[in-house]
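I opened a new notebook page for this structure.

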Amino acid sequence: MRLILAVLGFSLGMTHTTTLAEEHFESGPARTALLELYTSEGCSSCPPAEAQLSRLKNDPGLWKRIVPVAYHVDYWDRLGWRDRFAAPAWTARQQGYASLWRSDSVYTPAFVLNGREMRSGFSGSSAPDDPGGRLRATSLDGRSWKIEFHPESTGAGAWEVHVALLGAGISSKIGGGENGGRNLEHDFVVLTQQEAPLEAKGDHWSASLTIRPSAESAPRKGVAIWVTRRDELAPVQATGGWLAAR
């Protein structure tokens, strides 16, 4: 009987292993908007903007019409509270946008929709249905991704893919700074991000990359994936989704 149970347990384990679900995210031919929020736990005007971003969790257009990401910048860290999600790279990304817009400064909260500054905030509307090409991403473990992009135009160009690991349902007890004593809720937080050049493969472009794990835990995780022209910030197409718990 013990031998039978052992064999049965081994068989069930093998079945679980071989039926591991593949993560698969794919855009339609119309352009999916990438919405970026630049924020900080040290900024007292940021929680309402983050709450606005969080409401997209219940939006039927999430991942299909709009892909949200929240970059926590580090220039508030010196003012009384160090944001654990902040990174110099996210500040540099916002500064890159400011340079494109010929602006001398950066600020929070700041929304950027498909590379365009939204000074008046995010109204809840996504970008027009411009053609964007088809973007497909697959993974067996939620870390190593195979990317395939079919651009709308087959003309010359160099493309790059960006994959961001996102955390959602995160709570932070703030011990200092402008939000001292508050409990803040965060969604779509960029935890790590990788880029890779896409290579031409006949009628499409492809790449493989592995995203770094994050030391930060989150009740729920997802990925945002978008394509840009090489060395540009504005996205051409985007996709993404929630990751299965592993």
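The entries below follow the order in which I looked things up.

**Entry 1: ground rules.** I noted that this is a predicted model, where local features need pLDDT of at least 70, side-chain atom pairs count only at pLDDT 80 or more, and totals for chains, interfaces and linings use all residues. I also noted that residues are numbered from 1 along each chain as its sequence is written, and that side-chain values use heavy atoms, with hydrogens and water left out.

**Entry 2: strand β2.** I needed the terms before I began. Helices (H or I, at least four residues) and strands (E, at least two) are DSSP runs, numbered from the N terminus. Buried means under 20% relative accessible area, exposed over 50%, and partly exposed in between, with a 1.4 Å probe and protein chains only.

Why is strand β2 largely enclosed by the rest of the structure? I found that seven of the seven residues of β2 (residues 33-39) are buried, so the strand is largely enclosed. From β2, A33, L35, L37 and T39 point one way. L34, E36 and Y38 point the other way, and these are buried too.

Next I looked up the partners of β2. Two strands pair if DSSP finds at least two bridges between them. Strands of a sheet pair through backbone hydrogen bonds, either parallel or antiparallel. I found seven bridges between β2 and strand β3 (residues 66-72), and these two run parallel. The bridge partner of A33 in β3 is I66. Between β2 and β3 the chain passes through helix α2 (residues 46-54), and this β-α-β crossover is right-handed. That word has a rule: with the strands pointing away from the viewer, the path from the first strand over the helix to the second runs clockwise.

Strand β4 (residues 110-113) is joined to β2 by four bridges, and here the strands run antiparallel. I wrote down Y38 with its bridge partner A110 in β4.

**Entry 3: a sheet of five strands.** In what order do the strands of the open sheet lie? I read β1-β6-β7-β13-β12, with antiparallel pairing. Its edge strands are β1 (23-26) and β12 (199-201), each of which pairs on one side only. Inside this order, β6 (residues 134-139) and β7 (residues 144-150) run antiparallel and are joined by five bridges. A137 stands opposite I147 in β7.

**Entry 4: strand β9.** I found a covered face with I170 and S172 on β9 (residues 170-173), and an uncovered face with S171 and K173. Four bridges join β9 to strand β10 (residues 183-186), and the two run antiparallel. I170 has H186 as its bridge partner in β10.

Entry 5: Grid points are joined across faces, edges and corners, and a volume is the space filled by probe spheres set on the points.

How many cavities of 30 Å³ or more does the structure hold? I found one. The largest cavity has a volume of about 50 Å³. Its lining includes W101, Y107, A110 and R119.

The largest pocket holds about 290 Å³ of space. It is lined by 16 residues, and L165, K221, L243, A244 and R246 lie nearest its centre.

**Entry 6: backbone exceptions.** Most residues other than glycine have a negative phi, and most peptide bonds are trans. I looked for departures from this. The peptide bond from T108 to P109 is cis, with omega near -10°. P109 is in the loop between α3 (88-100) and β4.

R102 is in the loop between α3 and β4. Its phi is near 60°, a positive value in a residue other than glycine. Is R102 buried or exposed? R102 counts as exposed because its relative accessibility is 79%.

D231 has a positive phi of about 65° and is not a glycine. I placed D231 in the loop between β14 (220-229) and β15 (235-242). At 72% relative accessibility, D231 counts as exposed.

**Entry 7: Y97.** Y97 is in helix α3. At 1% relative accessibility, Y97 counts as buried. The C-alpha atoms of Y97 and G115 are separated by 7.6 Å, and the two residues are 18 residues apart along the chain.

Key:
1 Å grid on protein atoms, 1.4 Å probe; cavity = no way out; pocket = protein on both sides within 12 Å on 5 of 7 lines; lining within 4 Å.
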